[in-house]
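Take the sequence and the model together, and read the account below against both.

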Amino acid sequence: MKWIFALLVTAPAALAETCPPVADRSAELAGIYAELAGSQSEAEAQPLNQRLWEIWTDAPDAQAQALLDEGMRKRSGFDFLGARDVLDELVAYCPNYAEGYNQRAFANYLRQDFAAALVDLDRTLDINPRHIGALSGKALTLMGLGRQDEAQTVLRAALALNPWLGERALLIRPPGEDI
């Protein structure tokens, strides 16, 4: 009987702690991608790329934002395991928020846990197929796994969205192909 009472008391609180849907910013993103595709230099593309990151890292609510910020802070401080733990909380709370997975992938990539990073990058791209950071991260992760052909394909997809990515230097031109 005690457990029924506990369930009745805690269930409403648990239900209240759900992540709201991610805001639909597809029109804004489409405009940025169009500008990126037409940019003539890295300097012209840089503020557009920064704007993408501002959108991607704008979490659905204050709780998600606090978790994302804490995870990124820990990662920046080289506490990759701590970052992963906080980002685990974020993806559990907001399973449809792409950036939680992307940032956890980055922490795992820095730990050289490429297999775990790849799983999170794939989930990021399931949610947001045009996430340039996840595409370039996936290319780097595939390189870390020694899967060069796949990495080149993914890198080309990232460069199709932003031709000025720094990772473009890693592109291998097949003989006779102009990139």
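The paragraphs that follow go through the structure from the whole chain down to single residues.

This is a predicted model, in which local features need pLDDT of at least 70 and side-chain atom pairs count only at pLDDT 80 or more, while totals for chains, interfaces and linings use all residues. Residues are numbered from 1 along each chain as its sequence is written, and side-chain values use heavy atoms, with hydrogens and water left out.

The protein has 9 helices and 0 strands, where helices (H or I, at least four residues) and strands (E, at least two) are DSSP runs numbered from the N terminus. Its pattern along the sequence is α-α-α-α-α-α-α-α-α. Of its 179 residues, 39% are buried; buried means under 20% relative accessible area, exposed over 50%, and partly exposed in between, with a 1.4 Å probe and protein chains only. Among contacts with a separation of 6 or more, 51% come from residues 24 or more positions apart, a contact being heavy atoms within 4.5 Å.

Consider the pair H2 and H3. Their axes come within 9 Å and cross at roughly 155°; axes are lines fitted to C-alpha atoms, for helices over the stretch in contact, and angles run from 0 to 180 degrees between N-to-C directions. H2 and H3 are therefore roughly antiparallel, the word for angles over 145 degrees, whereas under 35 is roughly parallel, 65 to 115 roughly perpendicular and the rest oblique. H2 passes H3 in a left-handed crossing, meaning that the near helix is turned anticlockwise from the far one by less than a right angle. Residues of H2 including Leu29, Ile32 and Leu36 meet residues of H3 including Leu48, Leu52 and Ile55. By class, the residues of this contact divide into 9 nonpolar, 1 polar and 4 charged. Here Ala, Val, Leu, Ile, Met, Phe, Trp, Tyr, Cys and Pro count as nonpolar, Asp, Glu, Lys and Arg as charged, and the others, Gly among them, as polar.

H4 and H5 pack at about 160°, with axes 7 Å apart, and are therefore roughly antiparallel to each other. H4 passes H5 in a left-handed crossing. Among the residues that meet are Leu67, Leu68 and Gly71 in H4 and Ala83, Val86 and Leu90 in H5. The contact of H4 with H5 has 9 nonpolar, 3 polar and 4 charged residues.

The loop between H4 and H5 holds Phe78, whose phi is near 65°, a positive value in a residue other than glycine. Most residues other than glycine have a negative phi. Phe78 is exposed, at a relative accessible area of 65%. Gln112, in the loop between H6 and H7, also has phi near 65° and is exposed at 61%.

H8 is mostly covered, with 11 of its 13 residues buried. Those buried residues pack against H2, H3, H6, H7 and H9. H8 reaches 18 Å from its first C-alpha to its last, close to the 18 Å expected at 1.5 Å a residue, the expected span being 1.5 Å times one less than the number of residues. After H8 comes Gly146, with a positive phi near 80°.

Which residues of H9 are buried? They are Ala151, Gln152, Val154, Leu155, Ala158, Leu159 and Leu161. What covers them includes H2 and H8. The 14 residues of H9 should span 20 Å, and its end C-alpha atoms are 20 Å apart, which agrees.
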